[in-house]
Amino acid sequence: MTSARRKSYGVKGAPYAFLIPATVLFALFFALPIGYAVWLSFRKVHVSGLGLGKGARSDVWAGLENYTDALTDSELLDGALRVLGYGCIVVPVMLGLALLFALMLDSDKVRFTPFTRLAIFLPYAIPGVVAALLWGFLYLPDVSPFYYVLEKLGLPQPDLLDGGPLYLALSNIAVWGGTGFNMIVIYTSLRSIPAEVYEAARLDGATPTQIALRIKIPMVAPSLVLTFFFSIIATLQVFNEPTTLKPLTNSVSTTWSPLMKVYRDAFGTGDIYAAAAQAVIIALATLLLSFGFLRAANRRQKQEAAR
């Protein structure tokens with residue numbers, strides 16, 4: 001083999017050599033755990049006799065039994081409904097604030113933009129468990145400074161960790177932590193819009209509000225779709241906030257969210273097979289919702305482009 005041919009093979013094989021580490025990591029820490037979870041979801045424990053002695057308990061093929069039990073499990077369905085209500089609060093408020101802050105930072109009249117941008121983004125850098133603990137202590141009447149101020153002013157002191165206000169308390173933690181990230185995504189998209197577009201709009205007599213509503217928001221629509229997509233996934237996977245607040249209130253059960261139900265079944269009751277089936281169902285639901293939303297968004301963009 002000539003040196004020129006060896007050099008040609010080396011150049012062609014270089015991309016594959018760079019892909020090998022990422023492919024190995026993907027297979028070991030992503031594809032393999034998913035495959036193992038799917039395999040576990042089709043298994044169950046078979047108990048012979050009283051379940052005592054060697055060989056009395058064995059793993060056998062269960063078929064779709066675990067999936068049938070999961071889909072008819074009232075605790076899992078109730079958790080899904082709670083997460084749905086939680087998401088109806090978190091997603092609109094978080095994306096609305098992110099869009100508002102991005103538009104404000106993109107305005108020429110706003111001062112100290114770098115500091116303001118960092119201040120809005122900073123809560124996202126705080127780990128979710130730490131943020132939930134901080135807010136949890138602020139919600140507790142005995143240690144919260146807010147309750148002390150309300151008491152001195154003679155105002156009502158609502159219990160944010162009980163009943164309906166619990167949704168607002170959990171949603172506030174998610175909004176506080178996620179608004180900064182979404183704001184950065186939208187703000188970056190706004191900064192990529194050519195300045196000539198704004199100048200042309202001003203020459204036509206457009207006000208800053210009209211520029212924001214008719215130019216900026218439509219042009220950052222792909223970023224809004226992306227942030228909405230990420231927000232849906234994060235909402236379906238809510239786990240840190242209710243788990244962290246659980247020791248502070250009796251209103252948060254071990255099955256408050258679907259992922260908490262999976263965690264309890266896997267590591268609390270030891271039924272890893274049922275937990276695996278539930279995890280697969282949650283993953284498929286997330287995939288279907290995400291795929292459906294992206295397909296609807298792409299269809300709408302094509303319709304608008306065709307007009």
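## Around helix H12

Let's start at the end of a helix: Gly270 follows H12 and has a positive phi, near 80 degrees. Helices and strands here are DSSP runs, H or I of at least four residues for helices and E of at least two for strands, numbered from the N terminus. H12 covers residues 258-268, and its buried residues are Pro258, Met260, Lys261, Val262, Asp265 and Ala266. Buried means under 20% relative accessible area, exposed over 50%, and partly exposed in between, with a 1.4 Å probe and protein chains only.

Ser257 sits in the loop between helix H11 (240-245) and H12. Ser257 is buried, with a relative accessible area of 0%. Beyond its neighbours within four places in sequence, Ser257 is in contact with Gly79, Val83 and Val238, where contact means heavy atoms within 4.5 Å.

## About the model

This is a predicted model, in which local features need pLDDT of at least 70 and side-chain atom pairs count only at pLDDT 80 or more, while totals for chains, interfaces and linings use all residues. Residues are numbered from 1 along each chain as its sequence is written, and side-chain values use heavy atoms, leaving out hydrogens and water.

## Overall form

The protein has 13 helices and two strands. Its radius of gyration is 26 Å, well over the 19 Å that the globule rule gives for 307 residues, so the protein is more spread out than a compact globule. That radius is taken over C-alpha atoms, and the globule rule is 2.2 Å times the number of residues to the power 0.38. The C-alpha trace spans about 90 × 85 × 40 Å along its principal axes.

Of the 307 residues, 32% are buried. Among contacts with a separation of 6 or more, 65% join residues 24 or more positions apart.

## Two nonpolar cores

A nonpolar core is a set of buried Ala, Val, Leu, Ile, Met, Phe, Trp, Tyr and Cys residues joined through side-chain atoms within 4.5 Å. The largest one has 19 residues, and those with the most contacts inside it are Tyr86, Val90, Tyr139, Leu166, Leu170, Ile173 and Trp256. Helices H3 (74-105), H5 (128-139) and H7 (165-191) each supply at least two residues of this core, with H7 giving the most, six residues.

Trp256 is worth a look in the viewer: leaving out residues up to four places away in sequence, Trp256 touches Gly79, Arg82, Tyr86, Leu166, Tyr167, Leu170, Pro242 and Ser251. A second, separate core has 17 residues, including Leu105, Met183, Ala201 and Ala212.

Asn182 lies in helix H7 and is buried, with a relative accessible area of 3%. Not counting residues up to four places away in sequence, Asn182 touches Met94, Leu95, Ala98, Thr227 and Ser231. Asn182 and Phe230 are 48 residues apart in sequence, and their C-alpha atoms are 9.0 Å apart in space.

Thr286 is found in helix H13, residues 272-306.
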